[in-house]
Amino acid sequence: MKHVLLKSAGDVSVEETTPPALNQGDILVEMKACGLCGTDLEKLHGRYVASQPVLGHEASGVVADMGDGVEGFNVGDRVFPHHHVPCYKCHFCRNGSETMCPHYRASNLDPGGFSEYFRVPAWNVKGGGVLKLPSNLSFEEASLIEPAACCMRSINRCDVSEDETVLVVGAGPIGVTHVQLLSLRGPKILVSDINSTRLQFAERSGASAVYDATKIDVPSKVREETGGIGADLVIVASGNAKAMIQALNSVRKGGKICLFGVPAKGTRLDYDFSDIFNSEVSIITSNAATEVETKATLKLMEEHRLDLLFLITHRFRLDEFEKAVETAKQGNCGKIVITP
Ligand SMILES: [Zn+2]
Ligand SMILES: [Zn+2]
């Protein structure tokens, strides 16, 4: 089978290998679609904070084989397998930090989602990480479950209410997914980006105003829009330090900033820290998702309350992986999906 192999930072190639052997309780999935995530690109370039990078975690496919003792699944089932599953028992899990659970990152898709076949470890299967797909959900749409679930967790952590104004900094697929999920809760949504094509996606998804940050001073525009107050919540859907500064300058006194985009390792902020205290600004981060969110996301997709398929602008086959990475680097694209 073909799979994408990351040998060292920046050195990636499509290689032939044998499908992984199954242990008790494992499932083998034939990949049908796998989204290319910003974190995959970070891992490719050796800038990601996680050790032992595995590429491809936004995958969907069909159960091709099962180890002994798997219950509740059959060969041929269409599935979304979550790459990380917490224990739901430890101190972290019991106190709302499930994605910080020591078990959470201990198992992963093997050898990763960018592979014709991959093994889902028994831990993930037993922990409820494998969701069966309803017949009206395509594999491509199912590949969007993981990133959308991460956005849902971020919004849940920020406690958004209807009479608030939320600024989303960054209108890439992650920013736009936040916009759609936020619009289900009713706040006023403002979006900024430096790319006008991306801003059109945000507008289509329910943003009440979009700002091209190359032409507009976003913090003053946000104040204008909120009677001089500033945004109640700013979601930073970009790992860029400038986006974080824009958030700090746009949030209201006592407001919240959610850091969602992954900053490159070593990112430093040039910002007067005393302002954060004086303005009582809360900085919340949100990292990954659990089955609470993957299941809720799947339900929203099934009910057509979340419509993200239009975010997919490029499709590449596994052996065109390098081309996909090149396209992502150029930046003028929405979501990129890899198919076998
Ligand atoms: Zn991702
Ligand atoms: Zn745990």
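Along the chain, the donors of the zinc ion (ligand 1) follow the spacing C-x19-H-E. They are Cys-37 (SG), His-57 (NE2) and Glu-58 (OE), lying 2.2 to 2.4 Å from the zinc ion. Donors here are N, O and S atoms within 2.8 Å of the metal (3.2 Å for Na, K and Ca); water is not among the atoms, so sites may look incomplete. This is a predicted model: local features need pLDDT of at least 70, side-chain atom pairs count only at pLDDT 80 or more, and totals for chains, interfaces and linings use all residues. Residues are numbered from 1 along each chain as its sequence is written, chains are lettered from A and ligands numbered from 1 in the order in which they are written, and side-chain values use heavy atoms, with hydrogens and water left out.

Are His-57 and Glu-58 buried or exposed? Buried means under 20% relative accessible area, exposed over 50%, and partly exposed in between (1.4 Å probe, protein chains only). His-57 has 5% relative accessibility, so it counts as buried. Glu-58 is buried too, with a relative accessible area of 1%.

## Leu-55

Leu-55 is found in the loop between α1 (38-44) and β4 (58-66). Helices (H or I, at least four residues) and strands (E, at least two) are DSSP runs, numbered from the N terminus. Leu-55 is buried, at a relative accessible area of 6%. Cys-37 and Leu-55 are 18 residues apart in sequence, and their C-alpha atoms are 9.1 Å apart in space.

What does Leu-55 touch, leaving aside its neighbours within four places in sequence? Its contacts (heavy atoms within 4.5 Å) include Val-4, Leu-6, Val-12, Gly-112 and Phe-114.

The zinc ion (ligand 2) has four protein donors: Cys-87 (SG), Cys-90 (SG), Cys-93 (SG) and Cys-101 (SG), lying 2.3 to 2.4 Å from it. In sequence these donor residues are spaced C-x2-C-x2-C-x7-C. Cys-87 and Cys-93 are both buried.

The ideal angle for four tetrahedral donors is 109.5 degrees.

## Cysteines without disulfides

How many disulfides are there? The count comes to zero. A disulfide is a pair of cysteine sulfur atoms within 2.5 Å. The closest cysteine sulfur to that of Cys-150 is in Cys-151, 6.7 Å away, which is too far for a bond. Cys-150 counts as buried at 7% relative accessibility, and Cys-151 at 0%.

## The nonpolar cores

A nonpolar core is a set of buried Ala, Val, Leu, Ile, Met, Phe, Trp, Tyr and Cys residues joined through side-chain atoms within 4.5 Å. The largest one has 47 residues. Among those with the most contacts inside it are Leu-133, Ile-145, Val-168 and Met-301. Elements that give two or more residues to this core include α4 (139-142), β8 (165-169) and α11 (291-302). Helix α5 gives the most, with eight residues.

Leaving aside neighbours within four places in sequence, Met-301 is in contact with residues including Leu-137, Glu-141 and Leu-308. Another core lies apart, with 30 residues, among them Ala-59, Phe-73, Phe-321 and Ala-328.
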